[in-house]
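Please walk me through this structure, one contact at a time.

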Amino acid sequence: MASVRLESVVKRFGKVVAVNNVSLEIRDKEFFILLGPSGCGKTTTLRLIAGLEYPDSGRIYIDDRDVTFLEPKDRDIAMVFQNYALYPHMTVFQNIAFPLLLRRKKLGLTKDDIKKRVLEVARLLRIEELLHRKPGQLSGGQQQRVALARALIRRPKVWLMDEPLSNLDALLRLVMRAELKRLQKELGITTIYVTHDQAEALSMADRIAVMNKGRVIQVGTPDEVYLKPKHVFVGTFIGAPPMNVVKCKIEDHDGRLILSCPGFEREFPPGITPKKLPRTKEVVLGIRPEFIEVTDKPEPGTIKGKILVVEPLGSETILNININPEGEETIIKAKLPKLTKKYSAGETIYLKIDWSKVAVFDAETGFALT
Amino acid sequence: MSKKINIKKRYLALFLIPGFTLVAIFVISPIIGTFIISFETPSGFGLSNYYSVITQTSPTKALVLLNDMPRPPPWGALIHNLVWTAIHLPTTTFLGLVLAYLLRRVYGRSIVKSIMFIGMVIPMVVGGLIIRFMFDKFIGIVPNLCGLIGLTWLDKSWTSYPDTALLALIIGSVWLWTGFSLTIHAAAIDSLPKTYIEAAKIDGASDWQIFWKIIVPSVRAATLTVIVMTMLWDLKIFDIVYAATKGGPGGASTVLAFVMWLYFALDLDYGKAAAVAVILTLLTLIPAAIYIRQVMKRG
């Protein structure tokens, strides 16, 4: 198995910098996810690792071997594409066997060896019955499995996946998520997986690299990127609904620092002590919707708000609350698992925030102060 | 319900009448007319037109002339057409496909494709004239190149000699027609998802393997269209021959359509001209049938 290392990789398309100085270290047997919105450079990064693009500068290593300018076929990788890229004129068997057939002489395989290996992989992915069919006769989920089988047959060092689940319907996606994760753990293949779906990333990854505008913003475990976002972008990109952001000002009241926010004031720091204060004295508070409780009556430290919209989601309810009814509308979403009371729009309520879990970002740079 | 459908059908027929009338007057009736004329002889109806057309031994009008083989042309118009197809069809089809594949990554490929397509845009009579110039001893590129590389026996005006006239026309027609194959194949290759080729690259395929194992089978429908259209074109060919060699020298480059024209325009022998026309039409039905069957198969 293998580790993958990217060192200051840059890729430009004309004037657009698609991948901007990206350095990553992917460990052996790791399920590593590149997460970001469309156009953030995650797919280009994957294609650079695959050898489908070459970087303008920087190096790429697989197992300490410099592969930066090697052809894809010489990197010992396999890739699953978003549209699966199954060859329509070949049967499922031929599709899966294709990578082996191309290397038959090199690997010294007989036709029986190939057949055996195809059956083995087909059994693993439960597609034995489909081997004689053409891709056009398969459902999306079945095509997905065939694509996975084709990527597995060679027992590659690294598995690359470009949004492999995004063409499946929501229910099947959930099933395949778990299955893919189990398969990856069973086989222990280093996997680099690209997705824009934060839920997919959180549920599958060992570690996540959150990307935006060609840069890696944060690398960490799902818990780290969820609970300790290094940048306001990470907070607002991950989570459903995402982190609430409230822009506040730090004011000096005779030596006491006061945080002045729309609708409420509070002593600064609100929770954890920041390492340094921002230059502009302006901060952004990042409050996860699930770290907010609501009550009907004011208590010390609660924030008054007015419900704008109630979104019941079955197991939980999301309240859209304006915390600044007197001034400029400032909406905060609160995610409440169990509601003891039925709320409706227009009601006044009081928000209790778990300040120990509130992130504080520099309003100018967006980076976390804590 | 059925009444509704009947009304619909009646309307359908009403709308079909104008189009069908035009087709009947301008397409079907001339075909039937030609068919009838081909059987008309001074002594009533019979097969004598066909008989004399097929057994004709004058080199300029013969359809099949295969005595004393092997020898240079004339071999008869029908054989010339078949030789033409045998060389021209695989060459243009394959050349267009390979060029389409190679050009796919070339900067400015649309310019190259447009230039190649000119061969199809210019009137075929002009094409014939260009072929004549291309193979001229003094100004032609081909004889001069042949002279340069030491093939002195080809350093002559190809269209003036029976052993090279037909070949000159065939090579010239490859040059004229490759743009068609290139354009159709390029469109087919462009419409393939890029990931097919990328997946094959990652799977370990070389450029050559990608071409044979992925591209060729994936653009089969386009290739079939090219093959059928080229076969039809090869059978119907007339204007190039007319402009470049007039079927000469000594009938060494005649083709079916040209022989038909000779009977019709020079001999004013409409019966025989019609007989050649019917033979030609029957031959063109072969590729048409192949095509229709394939299209039906694909549903």
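In chain B, helix 3 meets helix 12 through B:A77, B:L78 and B:N81 on one side and B:L256, B:F258 and B:V259 on the other. Two residues are in contact if their C-beta atoms, placed from the backbone, lie within 7 Å. Helices (H or I, at least four residues) and strands (E, at least two) are DSSP runs, numbered from the N terminus. By class, this contact of helix 3 with helix 12 of chain B has five nonpolar, one polar and no charged residues. Here Ala, Val, Leu, Ile, Met, Phe, Trp, Tyr, Cys and Pro count as nonpolar, Asp, Glu, Lys and Arg as charged, and the others, Gly among them, as polar.

This is a predicted model: local features need pLDDT of at least 70, side-chain atom pairs count only at pLDDT 80 or more, and totals for chains, interfaces and linings use all residues. Residues are numbered from 1 along each chain as its sequence is written, while chains are lettered from A and ligands numbered from 1 in the order in which they are written.

How do the axes of helix 3 and helix 12 of chain B cross? Helix 3 covers residues 77-103 and helix 12 covers residues 256-266; their axes come within 8 Å and cross at roughly 150°. Axes are lines fitted to C-alpha atoms, for helices over the stretch in contact, and angles run from 0 to 180 degrees between N-to-C directions. The crossing therefore makes helix 3 of chain B roughly antiparallel to helix 12 of chain B. Angles under 35 degrees count as roughly parallel, over 145 as roughly antiparallel, 65 to 115 as roughly perpendicular and the rest as oblique.

Now take another helix pair in chain B. Helix 8 (residues 194-203) and helix 9 (residues 207-218) of chain B pack at about 155°, with their axes 10 Å apart. So helix 8 of chain B is roughly antiparallel to helix 9 of chain B. B:Y196, B:I197 and B:A200 of helix 8 meet B:I210, B:I214 and B:S218 of helix 9. That contact of helix 8 with helix 9 of chain B has five nonpolar, one polar and no charged residues.

Next, the domains. Chain B is divided into domain 1 (1-46) and domain 2 (58-298), with bounds from an automatic or database domain assignment. The C-alpha centres of these two domains of chain B lie 34 Å apart.

Turn to chain A. Chain A has nine helices and 20 strands. Its C-alpha trace spans about 80 × 45 × 35 Å along its principal axes. Of the 370 residues in chain A, 40% are buried. A residue is buried if 20 or more other C-beta atoms lie within 10 Å of its own, exposed if 12 or fewer, and partly exposed in between.

Where do the chains touch? The contact takes 17 residues from chain A and 14 residues from chain B. On the chain A side, strand 6 and helix 2 each supply at least two residues.

Finally, A:F81 sits in the loop between strand 6 (77-80) and helix 2 (92-102) of chain A. Why is A:F81 called buried? Because 22 other C-beta atoms lie within 10 Å. Leaving aside neighbours within four places in sequence, A:F81 is in contact with A:D162, B:T195 and B:A199.
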